[in-house]
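I opened a new page for this chain.

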Amino acid sequence: MLKHQSSPIHALLHRRGQMSTTAIVFLVLGIVFAVMLVVGAVLVALLLPAVQQARAAAQRTQSKNNLKQIGLAMHNYHDVYNMFPPGGIYTKQDEPYNSWMTSLLPYVEQSGIYNQLDSKQPWTSPTNQPVFQIVVPNYLNPGIDPQQSTVGGLGAAHYAGNLQLLLKNKGRSLREITDGTSNTILAGEVSSGFKAWGDPDNLRDPAAGIGSGQQQFGGATNLGGQFLLADGSVRFVSSNINPQVLKALASPDGGEQVGEF
């Protein structure tokens, strides 16, 4: 019997069939891969806002904790000296020496930094400048760009004191806050115009409004900011708050009626 032999045409058709099958396989794989990429991109687009919101919430919580620690330090200082620290300490020649944040260093577990300072020299002296270059984590809001953790080469403060309560060369006691400690702002978040934590001028007037202005209080968003009250509590205050209510919160002894805020 004669052996069956494939004709050249039959072999060609067979090879074409194999090539077509391979092409179809690659096409299907390509489609599957493209679909996976699209699905992945959609999932990322859906999850990204949630991740950003979670991160922002965590940053707000950390900033609130920072303010609570500052409040605790304020009250511990008051226990020792029967008053809150002065907003800024100046000599008779008006040389700037200490800020309220400098005075709080031992009470926010930063005694090591405080002990490096030469108390006989102003904060601007070459002797003290290296110390004030140190970044103090307690004084930084994690919601602010980390690149703004320094100002002019010095450690920045993302919080400022209420200049109506923390006075120049004068500490105020709790007894002097006649409007009530739960109705008086002690300090709060700021989002621009940062001062160094060692600057005795790191003070603002809450009555100026809540926003992103150089002399205003305000958080990392334009919705409002978190404030430390004189009783040690921390409250979020909307930027849309009634200006008269904010003015009353700024004053420690104005006799205004604050009400709900």
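I began with the rule for ring pairs: rings of Phe, Tyr and Trp (its six-membered ring) pair if their centres lie within 6.5 Å. Planes under 30 degrees apart count as stacked, over 60 as edge-to-face and the rest as tilted.

I noted the ground rules next. This is a predicted model, in which local features need pLDDT of at least 70 and side-chain atom pairs count only at pLDDT 80 or more, while totals for chains, interfaces and linings use all residues. Residues are numbered from 1 along each chain as its sequence is written, and side-chain values use heavy atoms, with hydrogens and water left out.

**Entry 1: rings**

How many aromatic pairs does the rule give? I got 6. I looked up phenylalanine 132 and tryptophan 197: their ring centres are 5.0 Å apart and their planes stand at 50 degrees, so the pair is tilted. Phenylalanine 132 lies in helix α4 (residues 129-132). Tryptophan 197 lies in the loop between β7 (195-196) and β8 (203-204). The two are 65 residues apart, so I wrote the pair down as a link between distant parts of the chain. Helices (H or I, at least four residues) and strands (E, at least two) are DSSP runs, numbered from the N terminus.

Are these two residues buried or exposed? Buried means under 20% relative accessible area, exposed over 50%, partly exposed in between (1.4 Å probe, protein chains only). Phenylalanine 132 is buried at 2%, and tryptophan 197 is buried at 0%.

Tryptophan 197 also pairs with tyrosine 139: the centres are 6.4 Å apart and the planes at 50 degrees, so this pair is tilted. Tyrosine 139 sits in the loop between α4 and β3 (150-151), 58 residues from tryptophan 197. Tyrosine 139 is buried. I then had the cluster: ring pairs link Trp123, Phe132, Tyr139 and Trp197.

**Entry 2: strand β6**

I moved on to β6 (residues 185-189), where 5 of 5 residues are buried. Which strands pair with β6? Two strands pair if DSSP finds at least two bridges between them. Strand β5 (residues 159-162) pairs with β6 in the antiparallel sense over 3 bridges. There, glycine 161 stands opposite alanine 187. Strand β9 (residues 224-229) also pairs with β6 in the antiparallel sense, over 3 bridges. Here I found isoleucine 185 bridged to leucine 229.

**Entry 3: charges over rings**

A charge sits over a ring if NZ of Lys or CZ of Arg is within 6 Å of the ring centre and within 35 degrees of the ring normal. I found lysine 168 over the ring of tyrosine 90, its charged end 4.7 Å from the centre. Arginine 235 has its charged end over the ring of phenylalanine 261, 4.1 Å from the centre.
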